[in-house]
Amino acid sequence: MLCDPPPQAGSDWTIAQDWKAYSPAEHAVWDRLYARQSQMLKGRACEAFLRGLDALRLSRAGIPDFEDLSERLHRLTGWRVVAVPGLVPDAVFFEHLANRRFVAGRFIRKPTELDYLQEPDVFHDVFGHVPLLSDPVFADYMQAYGIGGLRAEAFGALEKLARLYWYTVEFGLIRENGALRLYGSGIVSSHGETEYALDSPSPNRIRFDLERVMRTRYRIDDYQQTYFVIDGFEELRHQTADVDFAPLYARLAGLSDIAPDAILPSDAMIARATRATTGTA
Ligand code: PHE
Ligand code: FE
């Protein structure tokens, strides 16, 4: 369903970031989060993410100015970052991705919310998502995802496609030189989940399988019970962007959902949850 953008937003739902309006206290929240996460992510985040932080100069003090950031990013992969007032309708979100524009919230969490907040703020959206957009392969995947999103509506398959985003872009793990590393934005922007996703014996870590992922429900109110592991962004792009999802959507329509903590006999396990889960599909 399409609704109208809020009065201050354009028809594409974008607004000015209004970078000058941030207070010193707000910039200081970014700096604290940045210092804490960049420290945690050494040896935990994948190489492309760490390279992106560097290439985009995200370590400079203060909340990034989207114009500067976009200029740098555009030179690398043709992407830009645009501000939006909050959640936008699916079709608007997909349309931006399809045109290599990443929509980001401009507000920053309060100092009392460093560890947890419900709505994505500028730290999650920029620190979490933008570094990987400097990787050419991941950048292509995100654009293809947007084009695929516009197409998925006609198949009634948005929920299935959203699971792919969730378990890759937001909460994906990657195997790099034989070791597990983080790339999902929801993990790398969260102090607690950074440690949990990689080091905790609690969650399942399962080899990525497209159809399996699109059948798997997810929790939005707690750390994930299952992470899916890719072997590289080339693999991810190849299995998604290069494949016509129409037959997949048709097949998925006849298959049941899988619980967030379930393990199937066909799963290639990388780590099995230590909690006694009896998950069934
Ligand atoms: N190839 C998918 C389709 O045919 C679209 C897609 C691309 C989805 C990349 C996700 C990621 O609809
Ligand atoms: Fe996100």
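Reader: How far does a polar side-chain atom of Arg151 lie from an oxygen atom of ligand 1?
Author: This is a predicted model. Arg151 belongs to the residues that surround ligand 1. Polar contacts are N or O pairs within 3.5 Å. The polar side-chain atom of Arg151 and the ligand oxygen are apart by 2.5 Å.

Reader: How much of ligand 1 does the protein bury?
Author: Take the ligand alone first. It then exposes 330 Å². Of that area, the protein buries 93%.

Reader: Which element gives the most to the shell around ligand 1?
Author: Two elements give two or more residues each: α6 (136-152) and α7 (158-170). The top contribution is 5 residues, and it comes from α6.

Reader: How many residues of the shell around ligand 1 are nonpolar?
Author: The shell includes Leu161, Leu164 and Val243. It also holds 2 polar and 2 charged residues. The nonpolar count is 8.

Reader: Which residue in β2 stands opposite Arg80?
Author: Strands β1 (residues 80-84) and β2 run parallel, joined by 5 bridges. Opposite Arg80 stands Arg101.

Reader: How many of the 5 residues of strand β2 are buried?
Author: Buried means under 20% relative accessible area. Strand β2 spans residues 101-105 and is mostly covered. Its buried residues number 4.

Notes. Residues are numbered from 1 along each chain as its sequence is written. Chains are lettered from A and ligands numbered from 1 in the order in which they are written. This is a predicted model: local features need pLDDT of at least 70, side-chain atom pairs count only at pLDDT 80 or more; totals for chains, interfaces and linings use all residues. Side-chain values use heavy atoms; hydrogens and water are left out. A residue is near a molecule or strand if one of its heavy atoms lies within 4 Å of it. A polar contact is a pair of N or O atoms within 3.5 Å; within protein, one must be able to donate a hydrogen and the other to accept it, and residues adjacent in sequence count only if both atoms are side-chain atoms. Accessible areas come from the Shrake-Rupley method with a 1.4 Å probe; for residues, only the protein chains shown count as cover. Ala, Val, Leu, Ile, Met, Phe, Trp, Tyr, Cys and Pro count as nonpolar, Asp, Glu, Lys and Arg as charged, and the others, Gly among them, as polar. Buried means under 20% relative accessible area, exposed over 50%, partly exposed in between (1.4 Å probe, protein chains only). Two strands pair if DSSP finds at least two bridges between them.
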